[in-house]
Amino acid sequence: MVPIALCSIATLYLIGDGVIRTSPKRVAPPESEENIKTLFRNGDYVGAYNYCKQNPSPLTNVLRVGIGLLGEGKEVTEEGMTGELAKENSSMQTYISYLSVIGVCAPMIGLLGTVTGMIKAFAKLGASGIGDPSGLSAAIGEVLVATASGLIIAIPAFGAFYFLRNRAASSLHHIQDIINRLFRKMPYESLAGVHLGDDELYAAIPNWLVQPQGSGQTGRLITATEAAEPK
């Protein structure tokens, strides 16, 4: 019964945590939505990026990635937001999926307790005989409590799992609707090549194309083998 009690505590915690995580106000705070819309209307994409960074939420996390990639074009921006949206979905679904695990394991734990209890009851019966049938009936009734307890935990766990999973999907669809409205008619051509945000750019010109100053030589394309050769 101790593992079953732990499963019941975990179920209550995961249900409460899932309700909070999938709350529309937690996933896409209305205040953040309105502030970002105002910044987009004013064309202040740097301000929008900074606001998203300072006010993290699933909505602002996705928008921060999208705004940071605006200078790379529409396709790269949409791919970046899709990837971040998938990450947020995975983050929400991870804890929710544990409810499904509990829903499967709790009846099995209860059944295990029942089987081990029955083994002990019949072992005692074999040793002392059936002088008191009522004692055997009481023992069997007691061990069946484990199976009933496992089912009592599993049913709400499964119900909460499907409810929270659908609630999370609905919240993510709401984020997608907000993004579609914000990025509609986005002037990507005016933002081409612009680096928004403070993320460091690591890509640079290959070092074998960089010539020393005053060498009088022009850069040429060389193979990776040549680049790896010691100078």
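Close-up 1. R21 is partly exposed, with a relative accessible area of 24%, while D17 counts as buried at 16%. (Buried means under 20% relative accessible area, exposed over 50%, and partly exposed in between, using a 1.4 Å probe and protein chains only.) Their side chains meet in a salt bridge, 2.7 Å from N to O. That term stands for a side-chain nitrogen of Lys or Arg within 4 Å of a carboxyl oxygen of Asp or Glu. Both residues sit in helix α1 (residues 2–21), four residues apart, which is about one turn of the helix. Helices here are DSSP runs (H or I, at least four residues), as are strands (E, at least two), and they are numbered from the N terminus. An α-helix has 3.6 residues a turn, so residues three or four places apart point the same way.

A quick note on what you're looking at: this is a predicted model, where local features need pLDDT of at least 70 and side-chain atom pairs count only at pLDDT 80 or more, while totals for chains, interfaces and linings use all residues. Residues are numbered from 1 along each chain as its sequence is written, and side-chain values use heavy atoms, with hydrogens and water left out.

Close-up 2. Being three residues apart in helix α6, they are separated by about one helical turn.

**Close-up 3. E33 reaches across to R181.** The side chains of E33 and R181 form a salt bridge of 3.5 Å, N to O. This pair ties together distant parts of the chain: E33 belongs to helix α3 and R181 to helix α7, 148 residues apart. E33 is buried, with a relative accessible area of 11%, and R181 is partly exposed at 48%. How many salt bridges does a search of the whole structure find? It turns up four.

**Close-up 4. Helix α3 has a buried face.** The buried residues of α3 are S32, E33, I36, K37, L39 and F40. Seen down the axis of α3, they fall within an arc of 165°, so they line one face of the helix. (That arc is taken over the directions from the helix axis to the C-beta atoms.) Turned away from this buried side, the other face carries the exposed residues E31 and R41.

**Close-up 5. L164 and G18 come together in space.** You'll find L164 in helix α7 (residues 133–182). L164 is buried, with a relative accessible area of 1%. L164 and G18 are 146 residues apart in sequence, yet 6.4 Å apart in space, C-alpha to C-alpha.
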